[in-house]
Amino acid sequence: MERVPILKIGDILLVSIQVDMSDQTALQLQEDLAERIVATGSHGVIIDITALDIVDSFVGRMLSTIASISKVLDAETVVVGMRPAVAITLVELGLSLNGIRTALNVERGMELIAAARGDEFEEDDQLDTGADVETTASP
């Protein structure tokens, strides 16, 4: 059975799918990726599907499942390298890829993950600041 490589770049895991996704390969990828997210504490997952010419409903569901697993483990998922034919096929199949952001390339995907993490930290800072103001303002 072929395994999909998972590379670590900073706090992002890069998954480059270069093989046809069989059921077993997809299930193994889900398990491997979940283990790597936990082991590395990564906050982002980029799935590069540039090499995929055709995406069927199985691959679409697999991508959605990976995004859901990643989200539960506190990691944002971005799919990059989607070809126009693949995007058309996904829309025609009615697959919305809930929870998955898309970008044209790996660089843009990394920017999206960085922005998502930055927004989250700003919200936390605002909540903390608001709580401090209320605490100091009350008699």
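Let's start with a helix pair. The axes of α1 and α2 come within 10 Å and cross at roughly 15 degrees. Axes here are lines fitted to C-alpha atoms, for helices over the stretch in contact, with angles from 0 to 180 degrees between N-to-C directions. Angles under 35 degrees count as roughly parallel, so α1 and α2 are roughly parallel to each other.

Which residues of α1 and α2 make the contact? Contact means heavy atoms within 4.5 Å. From α1 come Asp23, Ala26, Leu29, Gln30, Leu33, Ala34 and Ile37. From α2 come Phe58, Met62, Thr65, Ile66, Ile69 and Ser70.

A word on the source. This is a predicted model, where local features need pLDDT of at least 70 and side-chain atom pairs count only at pLDDT 80 or more, while totals for chains, interfaces and linings use all residues. Residues are numbered from 1 along each chain as its sequence is written, and side-chain values use heavy atoms, leaving out hydrogens and water.

Now the overall layout. The protein has 4 helices and 5 strands. Helices (H or I, at least four residues) and strands (E, at least two) are DSSP runs, numbered from the N terminus. Along the sequence, the pattern reads β-β-α-β-α-β-α-β-α. Of the 139 residues, 38% are buried. Buried means under 20% relative accessible area, exposed over 50%, partly exposed in between, with a 1.4 Å probe and protein chains only.

Next, the inside. A nonpolar core is a set of buried Ala, Val, Leu, Ile, Met, Phe, Trp, Tyr and Cys residues joined through side-chain atoms within 4.5 Å. The largest one has 27 residues. Val15, Ile17, Leu29, Ile47 and Met62 touch the most other members. Two or more residues each come from β2 (12–16), α1 (23–40), β3 (44–48), α2 (57–72) and α3 (84–92). The largest share, 5 residues, comes from α2.

Take Val15. Beyond its neighbours within four places in sequence, Val15 is in contact with residues including Val4, Ile6, Leu29, Leu33 and Ile47.

Last stop: Leu95. Where is Leu95 placed? Leu95 is in the loop between α3 and β5 (101–103). Leu95 is partly exposed, with a relative accessible area of 22%. Leu95 and Gly60 are 35 residues apart in sequence, but 6.6 Å apart in space, C-alpha to C-alpha. Not counting residues up to four places away in sequence, Leu95 touches Asp56, Ser57, Gly60 and Leu90.

Key:
Parallel < 35°, antiparallel > 145°, perpendicular 65-115°, else oblique.
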